[in-house]
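Biologist: I am new to this one. Please walk me through it, and tell me what each term rests on.

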Amino acid sequence: MVRFVILVVLALAMMSAAACGSGVAEVEHNAAVSAARAAGYAEGREAGYSEAEAKYQAELSMMEAEERHVGVALGEWSLTVTPNTVPSGVIEFTASNGGPADPHEMVIFKTDLSVQQLLAIAEANRDERGFLPEEGVEGVEFIAEIEEFEVGQAASGEYLLLPGRYVLICNIVDADEIGDDGHPEAHFLEGMWAEFFVTEG
Ligand SMILES: [Cu+2]
């Protein structure tokens, strides 16, 4: 128990020492991961686990703490991702639909094409209702999708993302809503997109 307390105190000291430097979030994250590992071990021992079981518990606690958490705010018409840069690994996206009226979804594409290029592809796909095709576009790889959900709700998904540049969009086209231009409302074209970056872990 004494060793555990010392570890936590050390971790807290590292976190506060890092608070005035650069890469603060990364150092805090690493400290939290270390603390979680120590806490997992201590909890295991207190629960009467064997040494090996407690070490296993420590690894599980560490893996949980290593997960990255990203928030995505959806609404008419914006998509905001916070933070927009994280290290490679398992990333949990939690999207919330702030409406005010429409269901939204979140699709993750890996691509080096600019957003302007992607918008042009969707615009050229107006005959097909104006979405960005999720297959068959060179240089655009579909990674994952949180299916559409209602206003006031949240939905999440965990994905293993490799380093690179991603674009998150809402790819819904609402055939019941015809815009001033005479086309069905395409959420991506209305402005629901954000760039997202994954760095080396
Ligand atoms: Cu949408």
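Modeller: Start with Trp77, in the loop between β1 (68-75) and β2 (78-82). Strands here are DSSP runs (E, at least two residues), as are helices (H or I, at least four), all numbered from the N terminus. This is a predicted model: local features need pLDDT of at least 70, side-chain atom pairs count only at pLDDT 80 or more, and totals for chains, interfaces and linings use all residues. Residues are numbered from 1 along each chain as its sequence is written.

Biologist: What kind of peptide bond joins Glu76 and Trp77?

Modeller: A cis one, with omega about -5 degrees. Most peptide bonds are trans. Gly99 to Pro100 is also cis, with omega near 20 degrees. Pro100 lies in the loop between β4 (89-97) and β5 (104-111).

Biologist: How do you know that β3 pairs with β11?

Modeller: Two strands pair if DSSP finds at least two bridges between them. Three bridges join β3 to β11 (residues 193-199), so they pair, and they run parallel. Thr85 stands opposite Phe197 in β11.

Biologist: What is the order of the strands in the open sheet?

Modeller: The order is β3-β11-β8-β5-β6, with mixed pairing. What makes β3 (85-87) and β6 (140-149) edge strands is that each pairs on one side only.

Biologist: How do α2 and α3 cross?

Modeller: The axes of α2 (residues 24-46) and α3 (residues 51-66) come within 7 Å and cross at roughly 150 degrees. Axes are lines fitted to C-alpha atoms, for helices over the stretch in contact, and angles run from 0 to 180 degrees between N-to-C directions.
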